[in-house]
Amino acid sequence: MRTPSQRPTPSRRRRGAASVEMALTMIVFVPVFLYALFLDDLQRHSMDVQEAVVSTLWDFTGQDYSGTSTESIAARVQSPARLTYCDHEAGLDSFDPSTPECQEGRTDHHETVAVAGHVCWMHRGGEQITCEGPQRDVGALPEATYALYGDEHQRLGGMFVCRARAGVANYLLPEGFLQEFSRGTRLAKKNFKDVENGNVHKNAPEAGEDDTYYLATQYAALLTDSWALTSGDAVRPGTQQGPYYARVRTVFEYYPTFEPYRSVAELLQARFVQQQLLRPRAGDSLTAPHLAYSPVGTQRGSRSAEPTTQVVQEGRPTSYFSTPWRDWERDGHAKTYEARGAYYLGCQSPERC
């Protein structure tokens, strides 16, 4: 029998209750904390995969679609992209397969990047950056002139699609917790535990579907313009050769009404010459396209940046705009050009992007 002095005081009872509550709370808090770390890794890895796909697609904007090469543009872009993102992120660029993060047998990036979940392309359902195309039927019009133009100048262009999918392995979460109460229910997929001895690159392809957290497949597509040309060469008045002239001539001569126009134009020109209203000049024809083009310069804010070309009239050169640069009051084309960033994805301030 306790004496009054031995009975628990109110403060002792409160401390005992707090200890019990703390113990019960930790049963829930510890797993929740671990799962929060794992979800953070999943989210970061998903964004890394998305970055890899979008960045790879951006590289298609710098390719040359005007040639007749049989080399696959998709394969040309895909190869360096895989080297860059072989370590799953752009933090350590890997343009050379002999670099440590890409060298066979090295798993440094797995040991230092992730806290709980380790991402890898080598899982059975995973896929490194894969680009396919071009799909030339995308956006095609059921019109003969369009088809002829595409066959002549758009052999390498069309829609390109890139995709990637990665898997994440669990190296932290316990597969079960308080099994005597959970009746064997798995709280997480297989825990591979030891990164170094387990070798991530060996575990990944051997892991089953039930042992891997697969991230959503990321897709991105790009449709190349049939007028897309890498070269920005200027076309002087009177020029009748080169890729720009060839495209204009194709549109001009392949149109169904060109032949009726040719006969009328040749007859009209002959009569003008006969009546001495027109002086014949070598290479001058009403049935041939006339083209002048000047690309925008690199010095913004100066007249050298304006796309102008010189045409000799009455013995003196006259400056004309060869694009709709000043086609209306607000200078829409000029403002669009000036608003474009000079950095990656149009970002004018790299440190803020």
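Me: Why is E253 called partly exposed?

Reply: In this predicted model, E253 has a relative accessible area of 25%. Buried means under 20% and exposed over 50%, so E253 is partly exposed.

Me: What makes E253 and R249 a salt bridge?

Reply: Their closest N and O atoms are 3.0 Å apart. The cut-off is a side-chain nitrogen of Lys or Arg within 4 Å of a carboxyl oxygen of Asp or Glu, so the pair of E253 and R249 counts as a salt bridge. Both residues lie in helix α8 (residues 243-254), 4 residues apart, about one turn of the helix. R249 is partly exposed, at a relative accessible area of 41%.

Me: Which helix holds the salt bridge of E259 and R262, and what is the N to O distance?

Reply: Helix α9 holds both residues, which are 3 residues apart, about one turn of the helix. The distance from N to O is 3.4 Å, and the limit is 4 Å, so E259 and R262 form a salt bridge. With relative accessible areas of 48% for E259 and 27% for R262, each falls between 20% and 50% and is therefore partly exposed.

Me: Why is R163 called buried and E127 partly exposed?

Reply: R163 has 18% relative accessibility, and buried means under 20%, so R163 counts as buried. E127 has 24%, which puts E127 in the partly exposed class. The two residues form a salt bridge, with the closest N and O atoms 3.0 Å apart. E127 lies in strand β2 and R163 in strand β3, so the pair ties together parts that are 36 residues apart in sequence. A network of salt bridges links E127, E132 and R163. The search of the whole structure finds 5 salt bridges.

Me: What makes β2 and β6 edge strands?

Reply: The open sheet has 3 strands in the order β2-β3-β6, with antiparallel pairing. β2 (127-135) and β6 (218-223) each have a single partner strand, so one side of each is left without a neighbour in the sheet. Neighbouring strands here are turned by 15° against each other on average, direction ignored.

Me: How do you know that β3 and β6 are paired?

Reply: There are 6 bridges between β3 (residues 159-165) and β6. Pairing needs at least two, so β3 and β6 count as paired. The bridge partner of F160 in β6 is L222. Helix α2 (residues 73-84) packs on the sheet, touching β2 and β3, and its direction makes about 160° with that of β2.

Technical notes: Residues are numbered from 1 along each chain as its sequence is written. This is a predicted model: local features need pLDDT of at least 70, side-chain atom pairs count only at pLDDT 80 or more; totals for chains, interfaces and linings use all residues. Side-chain values use heavy atoms; hydrogens and water are left out. Helices (H or I, at least four residues) and strands (E, at least two) are DSSP runs, numbered from the N terminus. Axes are lines fitted to C-alpha atoms, for helices over the stretch in contact, and angles run from 0 to 180 degrees between N-to-C directions. Contact means heavy atoms within 4.5 Å. Buried means under 20% relative accessible area, exposed over 50%, partly exposed in between (1.4 Å probe, protein chains only).
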